Structure formats: structure tokens, C-alpha cells
Amino acid sequence: MSLHIIGSGNVRAFDICASALIDNTILIDCGYNVYKRLVQPDIDINKLQSVFITHLHSDHFFDLTALLSYVSYANEHNQELSKFQVFLPPGGINTLTILAVYALNLNDDPVLWLENVAELHEYQADVPIQLPGYKVTPVLVDHGPMKPAYGFIVET
């Protein structure tokens, strides 16, 4: 299993927020500037299959709308990127839907738009998620006042 640290900053960082890419297929968190890093030549974004969001702080998921917009644009222009799965903490689908309306200035139904670019799921603590070649288990972690917040155990 390979681990590619995309960013290690936080909301106050001038660079890329915390994010990691596992085997070029699983992205953990998609905060500020992560999308710009994912479309660099040394990363094959076409291999991305799943995105896991640890919690709903902006520096962990705000660039998810940019990534989904990229997939939508590419597919509209016959680049045929695969629809990937997005795993969010409880309440995350509603939060992402609201964010998409404002961040992307959607005129379309945001729920329908999101369903066309990704498969959205909300996970629960300690309930393993089976992916091709991986088992990902969300575990509750202490992140101060932010509750819930999760880490992930990724196994092959």
C-alpha cells in the first residue's frame, strides 16, 4: 500500500490542507487547495475511486465541490472520468448539498447534480466499508469541540 501525503496544513496554512492519497485510489479529506494538487501531472486523477471525509471542518472538505465540478466538466467534454464514491460523516450529504449550491452557483437541482457526479454515502463509526481490494473502517477520534470526527483504518 502506498501513501502520498497531498497536504499537511490546517485552515490557517498558506499551502495545502491535510489530505492523503492511498494507492492513487482512495483520498482522505479534500480541503483547501487539495483539488489543485490532484490535477498535477504526477497524480493520475482517473484512478481515484473513493473520497473519505473525516469531519466537516472547511479545511477537510471544502475542495470537494471543486473536485466534483472537475468530474462533471470532464464528463461533459467526453473525457469520461469514472464516477467515484464519496463517504461523509453523518449529516455530510446535506452539508455537501448546501455547499454545492453556493460554491458552484448551481442552477440545476443540487441533489440530482451530485448524484450524476458521485455516489454519496454517510458512514457510521466502527462499521467497515468494503471497497474493491480494501476494507475501510471509520473510528471516532477526539478532535476537540468538533464532533463527530473520524479517522480511518485502511486494510488490504
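Student: How many residues does the largest nonpolar core have, and which have the most contacts inside it?

Tutor: In this predicted model, that core holds 30 residues. Those with the most contacts inside it are Leu27, Val51, Leu64, Leu67 and Leu68.

Student: Which helices and strands each supply at least two residues of this core?

Tutor: Helix H1 (34-38), helix H3 (64-76), strand S5 (84-88), helix H4 (92-104) and helix H5 (110-117) each do. H3 gives the most, with five residues.

Student: What is Val51 in contact with, leaving aside neighbours within four places in sequence?

Tutor: Val51 is in contact with Leu27, Leu64 and Leu67, and also with Phe84, Gln85, Val86 and Phe87.

Student: Switching to rings: how many aromatic pairs are found in the whole structure?

Tutor: The search turns up seven. One of the pairs is Tyr32 with Phe62, which is edge-to-face, at 6.0 Å centre to centre and 90° between the planes.

Student: Where do Tyr32 and Phe62 lie?

Tutor: Tyr32 is in the loop between strand S3 (26-28) and H1, while Phe62 is in the loop between helix H2 (58-61) and H3, so their pair ties together parts 30 residues apart in sequence.

Student: Is Tyr32 buried or partly exposed? And what about Phe62?

Tutor: Tyr32 counts as partly exposed because its relative accessibility is 28%, and buried would mean under 20%. Phe62 is partly exposed too, with a relative accessible area of 34%.

Student: Which residues do ring pairs link into a cluster?

Tutor: That cluster contains Phe52, Phe87, Tyr123, Tyr150 and Phe152. Among them, Phe52, Tyr123 and Tyr150 also belong to the core of 13 residues.

Note on methods. Residues numbered from 1 in each chain as written. Predicted model: local features only at pLDDT ≥ 70, side-chain atom pairs only at ≥ 80, totals over all residues. Heavy atoms only, no water. Core = buried A, V, L, I, M, F, W, Y, C linked by side-chain atoms within 4.5 Å. Buried < 20%, exposed > 50% of the residue type's maximum accessible area, 1.4 Å probe, protein only. Helix = DSSP H or I, 4+ residues; strand = E, 2+ residues; numbered from the N terminus. Contact = heavy atoms within 4.5 Å. Phe/Tyr/Trp six-rings, centres within 6.5 Å; stacked < 30°, edge-to-face > 60°.
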